[in-house]
Amino acid sequence: MEMIFVLLTLVVIIFIGMFFYFSFSIKGIEEKGAQFIDIDATTISDSIIGLPELTCGPACVDTMKVLVFKPETDPSYYKSLFKDGKMRITLEKVYPPLTSSAVNLVVCDNINYYTGDCNSFIVYNVNKLPAQAKEIVQNTVSLYYPITNSYGFGLIKIEVYK
Amino acid sequence: MTKRRVIILLLFPPFNRTIEIKTYLKNITYDFFEMEKKGVSMFPFVIMFVMIAGAIILFFFFGFAKNIKKQGDTVNDLEIVNLIEKNLDSFTLAENSYKNIPHNGLPPKAEISVSCLDNKKTRIKLKDSYRDTVKLIVAPTVLKEKQISAWTLAWNYPFKIDNFYYLANNKIVFYLDPNLRYTEIYGMLPQKFIKKDIISATDADIGNYDSAIFIYMEGGGIPISHFSAFKDNPRARGILIDTTDSSVTFFENAEKTSPYWGLPLVFAAIFAENFQEYECIKDFAHKRLKVISEVYKNKLGPLKGGVQGNNICIAIYDRASELIGVFEQNPSVDNEAVLIKLNQELIGKQCPSLF
């Protein structure tokens with residue numbers, strides 16, 4: 001009878017051990033799987049600079065294309081392109097500086113674009129509410145102004161919400 | 001009698017028949033104590049109990065471990081599919097680029113397939129794991145080798161529309177009409193892909209290759225009748241490129257002809273698994289062309305706003321809107337040429353260019 005109890009205890013211990021071992025294994029696999037759906041902001045940055053809807057050449061963004069860019073016309077395409085990520089992509093003009101004395105970022109629209117009184121473009125924004133954790137990647141780009149056939153310098157900023 | 005009863009009860013528990021589990025355990029315990037009182041050795045019963053309990057536990061954990069292994073394999077497959085897509089991502093900015101992926105090789109028996117779905121996405125698949133992407137990817141067959149050769153070509157028609165991605169390996173051979181040597185098609189196809197001239201017409205040409213693609217040229221040196229020697233071989237595929245009317249003809253069960261819009265689509269026809277795949281990727285590409293054309297159409301408004309008072313430029317922009325509309329619907333080589341001419345006209349008249 002004692003032997004049965006010893007064996008039962010042994011089996012129970014093995015059972016608990018294996019349960020924990022497999023639980024950790026599953027957790028490890030799940031974590032690995034989660035990495036696949038993790039958004040790589042650097043890749044997104046390259047994708048956005050090379051996007052035919054916006055580009056004017058290597059590391060160059062046509063500001064007029066950005067002005068007319070409407071990702072909502074084909075949401076599923078851009079959602080897939082940006083790996084279903086919740087993110088905000090903005091383009092900030094660094095040079096030439098603003099003609100007005102504004103200190104903060106002024107978003108460009110169909111009016112202030114021509115006067116040069118703006119220094120920011122919202123390219124893509126799928127999550128307007130700031131989330132707790134986010135990854136920010138910035139990349140330098142040439143900005144092209146078709147009207148004057150001139151170039152400026154700016155930063156493309158990708159804020160990925162986890 | 002009791003010993004035999006215990007063995008029968010242990011081997012064939014009569015659940016759901018005459019007694020319940022509770023009664024069964026009560027009976028068996030009672031029998032054990034009865035036997036112990038009579039001085040019968042308990043050892044064989046202990047062994048039997050351990051074996052049955054052990055078998056149940058082992059069975060349970062085998063199933064559990066099998067599930068974990070399956071899950072682990074799926075994750076590994078996903079990792080490979082992800083790796084391929086990441087490698088293609090790195091091509092995004094390239095105009096014409098080639099690479100082997102992955103450098104350290106795929107695991108054995110990794111059969112990667114690429115398919116176009118619903119004219120709006122492509123799927124990279126390995127067993128049950130897959131990744132859907134909006135990249136224009138084509139591959140002639142299931143890729144079974146340890147390394148994949150990937151090539152990308154930007155589709156500038158006349159403005160940049162997208163990149164095409166072509167996948168192959170060293171088990172895929174491209175047989176070309178020798179006259180194609182003097183065309184861009186031969187020159188642009190990377191040297192690392194296996195390219196051979198069409199000379200003979202025997203099955204030996206296909207050899208151990210998983211896929212052999214015979215590329216003929218309208219008015220070339222090798223007549224298309226040459227392909228009749230291979231038409232029943234599932235590993236062989238023949239296509240005829242007609243540069244005079246910008247079309248490609250697939251030689252499958254029946255001849256099927258479709259237009260192409262620029263060299264990247266000629267290569268899409270060469271690399272596509274069949275006519276259906278080509279049509280799917282072509283329609284997907286057409287959708288992208290429409291989206292990009294719309295961007296240029298929308299750009300006309302701000303362009304006109306920037307040249308206020310310059311009626312010459314405004315008149316050209318007005319014409320451009322109409323011509324882009326025509327090009328969107330029918331992206332023929334002629335309509336592409338019209339847009340190129342219009343852009344040159346804009347530059348000539350000192351107006352901001354369209355692209």
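**View 1. Helix α3 (residues 43–89) of chain B.** At 1.5 Å a residue, the 47 residues of α3(B) should span 69 Å, and the end C-alpha atoms are 67 Å apart, which agrees. The expected span is 1.5 Å times one less than the number of residues; helices (H or I, at least four residues) and strands (E, at least two) are DSSP runs numbered from the N terminus. The buried residues of α3(B) are Phe45(B), Leu78(B), Ile80(B), Val81(B), Ile84(B), Glu85(B) and Leu88(B). A residue is buried if 20 or more other C-beta atoms, placed from the backbone, lie within 10 Å of its own, exposed if 12 or fewer, and partly exposed in between. This is a predicted model, in which local features need pLDDT of at least 70, side-chain atom pairs count only at pLDDT 80 or more, and totals for chains, interfaces and linings use all residues. Residues are numbered from 1 along each chain as its sequence is written, and chains are lettered from A and ligands numbered from 1 in the order in which they are written.

**View 2. Strand β6 (residues 148–156) of chain B and its partners.** Of the 9 residues of β6(B), 8 are buried, so the strand is largely enclosed by the rest of the structure. Strand β1 (residues 96–101) of chain B pairs with β6(B) in the antiparallel sense over 6 bridges; pairing requires at least two DSSP bridges between two strands. Here Ile148(B) is the bridge partner of Ile101(B). Strand β7 (residues 160–168) of chain B also pairs with β6(B), antiparallel and over 8 bridges, with Tyr165(B) as the bridge partner of Thr152(B). A hairpin with 3 residues between the strands is formed by β6(B) and β7(B).

**View 3. The largest nonpolar core.** Among its 112 residues, Leu167(B), Phe214(B), Ile215(B), Ala269(B) and Ile281(B) touch the most other members. Such a core is a set of buried Ala, Val, Leu, Ile, Met, Phe, Trp, Tyr and Cys residues joined through C-beta atoms within 7 Å. Helix α6 (residues 275–306) of chain B gives the most to this core, with 11 residues. Not counting residues up to four places away in sequence, Ala269(B) touches Ile239(B), Val248(B), Tyr260(B) and Tyr278(B).

**View 4. The contact between chains A and B.** In chain A, 37 residues are in contact with 33 residues of chain B, contact meaning C-beta atoms, placed from the backbone, within 7 Å. The largest share of the chain A side, 13 residues, comes from α1(A).

Note on methods
Two residues are in contact if their C-beta atoms, placed from the backbone, lie within 7 Å.
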